[in-house]
Amino acid sequence: MDLYFSPLACSLATRISLYEAGAEARFLPVDLKTKTLGDGADFLAVNPKGQVPVIRTDDGEVLTENAAILSYLAERHPAVGADGFEAVRLREWLSFLGSELHRGVFGVLLSHVAGDGAKAFARTESVARLTHLNQRLKDRDFLVGDRFTVADAYLTTILNWNQAVRLDLEPYPHLVAYHRRMLSRPAVLKAVAEERELYAAAA
Ligand SMILES: N[C@@H](CCC(=O)N[C@@H](CS)C(=O)NCC(=O)O)C(=O)O
């Protein structure tokens, strides 16, 4: 499998999931500003939407969108997936994370083109979403079931962006404790450390 990624972007969730599952992949860096690959090839030829993550499966299928890619990995690698109705719950969380938290809050706050009004709105919107997550994680270690899934990889990736965004997370202690726990997992540590290095090298 190939993963087209950009260091510390949302594609990190796929890398984390692969490492947690002990799965192999080839990692292909994308320059999101120029929409080119490492060898200068046009990334838009791979994904006309110009966004990461993208995977190419061993069968040659090109798949985009975090929720679809992470669902694919969850089905293929039970170690990061869920069974029975929890698999449905997992898709529910992937949808929430992608639309409500990633694009609806952090994507806006990280944007270089969103204006002050949009950012103020995203900060307001963050309250209900972070409160929901904090409540969910009050008495559980993981978002879904009782073990790590691709949803945890995605939420960890999004929460990492708070280093740049600096939302006040003090009202959400269970979420903060969860993030700290996730970051202490060897596979997560490895994925984040590798992409931090690549990010610094590209800056
Ligand atoms: N709906 C897409 C959004 C992916 C997305 O926001 N990717 C960002 C990086 S985290 C990106 O590629 N941004 C560059 C761009 O939109 O031009 C998904 O869930 O996969």
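Q: What makes a residue buried, exposed or partly exposed?
A: Buried means under 20% relative accessible area, exposed means over 50%, and partly exposed lies in between. The model here is predicted.

Q: Why is Tyr-4 called buried?
A: Tyr-4 has 4% relative accessibility. The cut-off is under 20%, so Tyr-4 counts as buried.

Q: What makes Phe-43 buried?
A: The relative accessible area of Phe-43 is 0%. That is under 20%, so Phe-43 is buried.

Q: How many aromatic pairs does the structure hold?
A: The structure holds 4 aromatic pairs.

Q: Why is the pair of Tyr-4 and Phe-43 called tilted?
A: The ring centres of Tyr-4 and Phe-43 lie 6.1 Å apart, which is within the 6.5 Å limit for a pair. Their planes stand at 40°. Stacked needs under 30 degrees and edge-to-face needs over 60, so this pair is tilted.

Q: What does the pair of Tyr-4 and Phe-43 tie together?
A: Tyr-4 lies in strand β1 (residues 2-5). Phe-43 sits in the loop between β3 (36-37) and β4 (54-56). The two parts are 39 residues apart in sequence, so the pair ties them together.

Q: Why is the pair of Tyr-19 and Phe-27 edge-to-face?
A: The centres of the Tyr-19 and Phe-27 rings are 6.0 Å apart, within 6.5 Å, so the rings pair. Their planes are at 75°, which is over 60, so the label is edge-to-face.

Q: What makes the contact of Glu-195 and Arg-15 a salt bridge?
A: The N to O distance between the side chains of Glu-195 and Arg-15 is 2.6 Å. The limit is 4 Å, so the contact is a salt bridge.

Q: Which parts does the pair of Glu-195 and Arg-15 tie together?
A: Glu-195 lies in helix α8 (residues 186-202) and Arg-15 in helix α1 (residues 12-21). These parts are 180 residues apart in sequence, so the pair ties them together. Glu-195 is buried at 0% relative accessible area, and Arg-15 is buried at 3%. Arg-15, Lys-190, Glu-194 and Glu-195 are linked in a network of salt bridges.

Q: How do you know that Asp-2 and Arg-26 form a salt bridge?
A: Their side chains meet at 2.9 Å, N to O. That is within 4 Å, so the label holds. Asp-2 is in strand β1 and Arg-26 in strand β2 (residues 26-31), 24 residues apart. Asp-2 is buried, with a relative accessible area of 11%.

Q: What separates Arg-89 and Glu-92 along helix α3?
A: They are 3 residues apart in helix α3 (residues 85-110), so about one helical turn separates them. Arg-89 has 34% relative accessible area and Glu-92 has 44%. Both values fall between 20% and 50%, so each residue is partly exposed.

Q: Why are β3 and β5 said to stand at the edges?
A: The open sheet has 5 strands in the order β3-β2-β1-β4-β5, with mixed pairing. β3 and β5 (62-64) each have a single partner strand, so one side of each is left without a neighbour in the sheet.

Q: What makes β4 and β5 paired strands?
A: 3 bridges join β4 to β5. At least two are needed, so the strands pair. They run antiparallel.

Q: Why is Ala-128 called exposed?
A: Ala-128 has a relative accessible area of 51%, and the limit is over 50%, so Ala-128 is exposed. Ala-128 lies in helix α4 (residues 116-136).

Notes: Residues numbered from 1 in each chain as written. Predicted model: local features only at pLDDT ≥ 70, side-chain atom pairs only at ≥ 80, totals over all residues. Heavy atoms only, no water. Helix = DSSP H or I, 4+ residues; strand = E, 2+ residues; numbered from the N terminus. Buried < 20%, exposed > 50% of the residue type's maximum accessible area, 1.4 Å probe, protein only.
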